[in-house]
Amino acid sequence: HEVGKPLLENSAITIGRLGRAAPQVVAPSLETFAGPWLQTLRGIRDDVEKEHAFHGLVEMLRLHPAAAMGCLPLLFAAIASWDEVPSG
């Protein structure tokens, strides 16, 4: 059973918001979902929701940087997916 794209995108944004609000809770598990999460973030259109998700990503990586070591190409691709970088 394939999960729909809107559900994946909303889930990715929610994970990012959780990481922004409580990184100490989410960061320890980052390694278990970082790859698929980054892949989904990459496909989300540039908007405030994506921006919030990336803020959560940064907060989690501050606490647990090693979590991204196994998926650096996906991390770089997610960062490079921005067409319009937020100014704030």
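Predicted model: local features only at pLDDT ≥ 70, side-chain atom pairs only at ≥ 80, totals over all residues.

Biologist: Let's start with helix 3 and helix 4. At what angle do they pack, and how far apart are their axes?

Modeller: The general idea is that the angle is taken between N-to-C directions, and anything over 145 degrees counts as roughly antiparallel. Here helix 3 (residues 30-42) and helix 4 (residues 48-63) pack at about 150°, with axes 12 Å apart. Helix 3 and helix 4 are therefore roughly antiparallel to each other. Their crossing is left-handed.

Biologist: Which residues make that contact?

Modeller: From helix 3 you have Leu 30, Trp 37, Leu 38, Leu 41 and Arg 42. Helix 4 brings Lys 50, Ala 53, Phe 54, Leu 57, Met 60 and Leu 61. Sorted by class, the contact of helix 3 with helix 4 has nine nonpolar residues, no polar ones and two charged ones.

Biologist: Now helix 3 and helix 5. Are they roughly parallel or roughly antiparallel?

Modeller: Read the angle again, this time against the other cut-off: under 35 degrees counts as roughly parallel. The axes of helix 3 and helix 5 (residues 72-80) cross at roughly 20° and come within 8 Å, so the two helices are roughly parallel to each other. Helix 3 passes helix 5 in a left-handed crossing. On the helix 3 side the contact uses Gly 35, Leu 38, Gln 39 and Arg 42, and on the helix 5 side Leu 74, Leu 75, Ala 77 and Ala 78. The class count for helix 3 with helix 5 is five nonpolar, two polar and one charged.

Biologist: On to single residues. Is Lys 50 buried or exposed?

Modeller: For this you look at relative accessible area, where buried means under 20%. Lys 50, in helix 4, has 0% relative accessibility, so this lysine counts as buried.

Biologist: And what does the side chain of Lys 50 reach?

Modeller: It reaches the backbone oxygen of Ile 44, at 3.0 Å. Setting aside neighbours within four places in sequence, Lys 50 is in contact with Leu 41, Arg 42, Ile 44, Arg 45, Ser 81 and Trp 82.

Biologist: What about Leu 63: buried or exposed?

Modeller: Exposed means over 50%. Leu 63 lies in helix 4 and has 51% relative accessibility, so it counts as exposed. Leu 63 still touches Pro 23, Gln 24 and Ala 27, leaving out residues up to four places away in sequence.

Biologist: How far apart are Leu 63 and Asn 10 in sequence and in space?

Modeller: They are 53 residues apart in sequence and 24 Å apart in space, going C-alpha to C-alpha.

Biologist: One last case. Where is Pro 86 found?

Modeller: Pro 86 is in the segment after helix 5. Its relative accessible area is 33%, so Pro 86 is partly exposed. From Pro 86 to Val 58 there are 28 residues in sequence and 15 Å in space, C-alpha to C-alpha.

Terms used. Residues numbered from 1 in each chain as written. Heavy atoms only, no water. Axes fitted to C-alpha atoms, helices over the stretch in contact; angles between N-to-C directions. Helix = DSSP H or I, 4+ residues; strand = E, 2+ residues; numbered from the N terminus. Parallel < 35°, antiparallel > 145°, perpendicular 65-115°, else oblique. Left-handed = near helix turned anticlockwise from the far one by under 90°. Contact = heavy atoms within 4.5 Å. Nonpolar A, V, L, I, M, F, W, Y, C, P; charged D, E, K, R; others polar. Buried < 20%, exposed > 50% of the residue type's maximum accessible area, 1.4 Å probe, protein only. Polar contact = N/O pair within 3.5 Å; in protein donor to acceptor, adjacent residues only side chain to side chain.
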